[in-house]
Amino acid sequence: KVVHAHWTKYGRNFFTRYDYEGVDSVGANQMMEKLRAAVAGGDVVGKEFAGKDGKRRYRLSACDDFRYEDPIDQSVTEKQGVRFLFADGSRIIFRLSGTGTGGATVRLYIDSFEGDPANQTGDAQIALKPLVEIALELSLLQAHTGRTEPTVIT
């Protein structure tokens, strides 16, 4: 009851993370470079996307190659994730880690805000399915990694 009352008053943020562990580093790096090229070109901003069912549409309002700027020592770490930010506040983020000899891990982060109490009690995986489909379309993850399913979903 407490959580539902909170969601009714403030809304709910749905979140999921897909991990693709032990993928080929070359393919994973190629995928990230193509995503960075799309961000640098800027031609995807303003474009509308939809999941396979076409019911909900998302307009891309911004995208970038995130860099971390440490507020203490002012150090900068580049290429921390490619972010796709949608007009409704939804986000898709791709991060690549562990690109050593054991393969790479591609992490896909997806979140979306739901303000309508009628749509707040559903399963996060169902609510975020259209954004997952958009992410897989944007990245061509399967073509680059050969993976059809993530190793872990959280």
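Strand E6, residues 103-114, is largely enclosed by the rest of the structure, because 10 of its 12 residues are buried. Please keep in mind that this is a predicted model.

**Strand pairing**
- E6 runs antiparallel to strand E1 (residues 12-23), and 10 bridges join the two.
- Within this pairing, Arg17 stands opposite Tyr109 in E6, while Tyr18 stands opposite Leu108 in E6.
- E1 is also joined to strand E7 (residues 152-153), by 2 bridges, and these two strands run antiparallel as well.

**A look at Asp19**
- Asp19 sits in strand E1, and its bridge partner in E7 is Val152.
- With a relative accessible area of 2%, Asp19 counts as buried, because the cut-off for that word is under 20%.
- Leaving aside residues up to four places away in sequence, Asp19 touches Val106, Arg107, Pro150, Thr151 and Val152.

**Helix H4 and the residue after it**
- Helix H4 covers residues 129-139, and its buried residues include Pro130, Leu131, Val132, Glu133, Ile134 and Ala135.
- Ser139 in H4 is buried too.
- Just after H4 comes Leu140, which takes a positive phi of about 50°.

Methods
Residues are numbered from 1 along each chain as its sequence is written. This is a predicted model: local features need pLDDT of at least 70, side-chain atom pairs count only at pLDDT 80 or more; totals for chains, interfaces and linings use all residues. Side-chain values use heavy atoms; hydrogens and water are left out. Buried means under 20% relative accessible area, exposed over 50%, partly exposed in between (1.4 Å probe, protein chains only). Helices (H or I, at least four residues) and strands (E, at least two) are DSSP runs, numbered from the N terminus. Two strands pair if DSSP finds at least two bridges between them. Contact means heavy atoms within 4.5 Å.
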